[in-house]
Structure formats: structure tokens, C-alpha cells
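Subject: Structure for you to look through

Hello,

Here is the structure I said I would hand over. Please open it next to this email and follow along.

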Amino acid sequence: MACTPQTFNGLARNCDANSGGVRVVYIANRSDVASVSLTEDKIGTITMADTKKFHAYNFKKGAASLTSTATIDPATGVSFITSVLSMQFAKMETAKRIEMSALTLADMAVIVLDNNGKYWFLGYDNYAYATNATGETGAQRTDANQYTIEISDESESFPYEVDPTIIADIVAA
């Protein structure tokens, strides 16, 4: 198959305020997502199976991040994007231990709300999955007492932005 030339449009300098970090993460079993469709290169609709919903995961400020990394090998023609969502939940306790255990076993669809008010979808091409989880309490009183989990997504593209108008219909109250 011949290589198709790409179209470049350029990018204007953005002077808007910009902020890193993650506000909230919403997670559902991937099997509970009946369909996901793109509209103008954004997630325009997400249809849930039956009465299933995404559930919110909240954490302290500065305790979650999303990093997407392209892996490209021109010699083999292999290219994909790995996105890793890392979340830290303060204070080890039974309810969090049970939830961390469930997340380590799940095939997930994930929506990440960043600090710029943008929603991003993980699990479009295939399900997202846990790749690392720890529970820790440090040696000193000022050390963290927390659970940390990393959820990964391997995809053909960087995460798609989600139309914010569809969020209320698919997230549990």
C-alpha cells in the first residue's frame, strides 16, 4: 500500500490560560459501553448498555495525570500511542482497597476531565486496563499513605476529546 501524503494546517499560537492536571476521572466497564462514535474528530456520542453509567473517581488536587506517548518505528511500520492515567488516592482504607482490586481486573472505558475543562476518552480502539497499582505508607509521618493506580490505553491515535454536552447523560449522579 502506498503512503498517503499528509495534510498540514499549521497551529496558531494559543494565548489562552492553560493548566496541567486532572480534575475527575470517570470509569465504566468497557462492556457497558454499547457504542462510541466520532463527530468532526471528537467523541460525539457514547451509548451505554441498559442503564449502565460511568462512575466518578475523585482525588486530592495534584494527584492525577495523563501522559500520552507515541511509539514510532519507521523500519517496521509500527506506530501506536500509549496513554497512561496515574491516580493517587490518599489514605489506605478498606473501601479504597476493594475498589483498587476491582480496577486491576477490569477492562475499562475511561473519561478524563482535565484542568482546562476538556474531557478525553481512553478505550476507543480497545479497552483500557490497569498496568500498575500500589498501596503504600511511608516511614515518616509526612510520607504518603495512599493507593496509586495506573491505567493504560494503547491506541492508533492520541485520546479523542469528548463533547462535554454528552457527559451528564452517561455519568452516574
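Below is what was found, starting with the whole chain and then going residue by residue.

This is a predicted model, in which local features need pLDDT of at least 70 and side-chain atom pairs count only at pLDDT 80 or more, while totals for chains, interfaces and linings use all residues. Residues are numbered from 1 along each chain as its sequence is written, and side-chain values use heavy atoms, with hydrogens and water left out.

The whole chain

The protein chain has two helices and 11 strands. Both kinds of element are DSSP runs numbered from the N terminus: helices are H or I with at least four residues, strands are E with at least two. Read from the N terminus, the order is β-β-β-β-β-β-α-β-β-β-β-β-α. Along the principal axes, the C-alpha atoms fill a box of roughly 60 × 40 × 40 Å.

Of the 173 residues, 33% count as buried. Buried means under 20% relative accessible area, exposed means over 50%, and partly exposed is in between, with a 1.4 Å probe and protein chains only. The chain exposes about 11000 Å², and carbon and sulfur atoms supply 50% of that area. Accessible areas come from the Shrake-Rupley method with a 1.4 Å probe; for residues, only the protein chains shown count as cover.

A contact means heavy atoms within 4.5 Å. Among contacts between residues at least 6 apart in sequence, 66% join residues at least 24 apart.

The cores

A nonpolar core is a set of buried Ala, Val, Leu, Ile, Met, Phe, Trp, Tyr and Cys residues joined through side-chain atoms within 4.5 Å. The largest one has 22 residues, and those with the most contacts inside it are Val25, Ile27, Met87, Val110 and Ile151. Two or more residues of this core come from each of strand 1 (22–29), strand 6, helix 1 (94–105), strand 7 (108–114) and strand 10 (145–155). Apart from it lies another core of 20 residues, among them Ile46, Phe121, Tyr160 and Ile167.

Valine 110 has contacts that include Val25, Ile27, Phe54, Leu85, Trp120 and Ile151, leaving aside neighbours within four places in sequence.

Buried residues in strands

Serine 83 sits in strand 6 (residues 78–90). Is serine 83 buried or exposed? It counts as buried because its relative accessibility is 1%. The side chains of serine 83 and serine 68 are joined by a polar contact of 2.6 Å. A polar contact is a pair of N or O atoms within 3.5 Å; within protein, one must be able to donate a hydrogen and the other to accept it, and residues adjacent in sequence count only if both atoms are side-chain atoms. Beyond four places in sequence, serine 83 also touches residues including Leu66, Leu122, Ile151 and Pro159.

Threonine 148 is in strand 10 and is buried, with a relative accessible area of 12%. Its side chain makes a polar contact of 3.5 Å with the side chain of glutamine 146. Leaving aside neighbours within four places, threonine 148 is in contact with Ser86, Met87, Gln88, Asn132, Ala133, Thr134 and Glu136.

Valine 33 lies in strand 2 (residues 33–39) and is buried at 6% relative accessible area. With neighbours within four places set aside, valine 33 is in contact with Ile46, Thr47, Met48, Phe54 and Ala109.

A partly exposed tryptophan

Tryptophan 120 is in strand 8 (residues 119–122). At 23% relative accessibility, tryptophan 120 counts as partly exposed. A polar contact of 2.9 Å joins its side chain to that of aspartate 114. Tryptophan 120 and isoleucine 43 are 77 residues apart along the chain, and their C-alpha atoms are separated by 8.7 Å.

Two loop residues

Glutamate 40 is found in the loop between strand 2 and strand 3 (42–48). Glutamate 40 has a positive phi of about 55° although it is not a glycine, and it is exposed, with a relative accessible area of 78%.

Aspartate 50 is in the loop between strand 3 and strand 4 (55–57). Aspartate 50 has a positive phi of about 50°, again without being a glycine, and is exposed at 75% relative accessible area.

Regards
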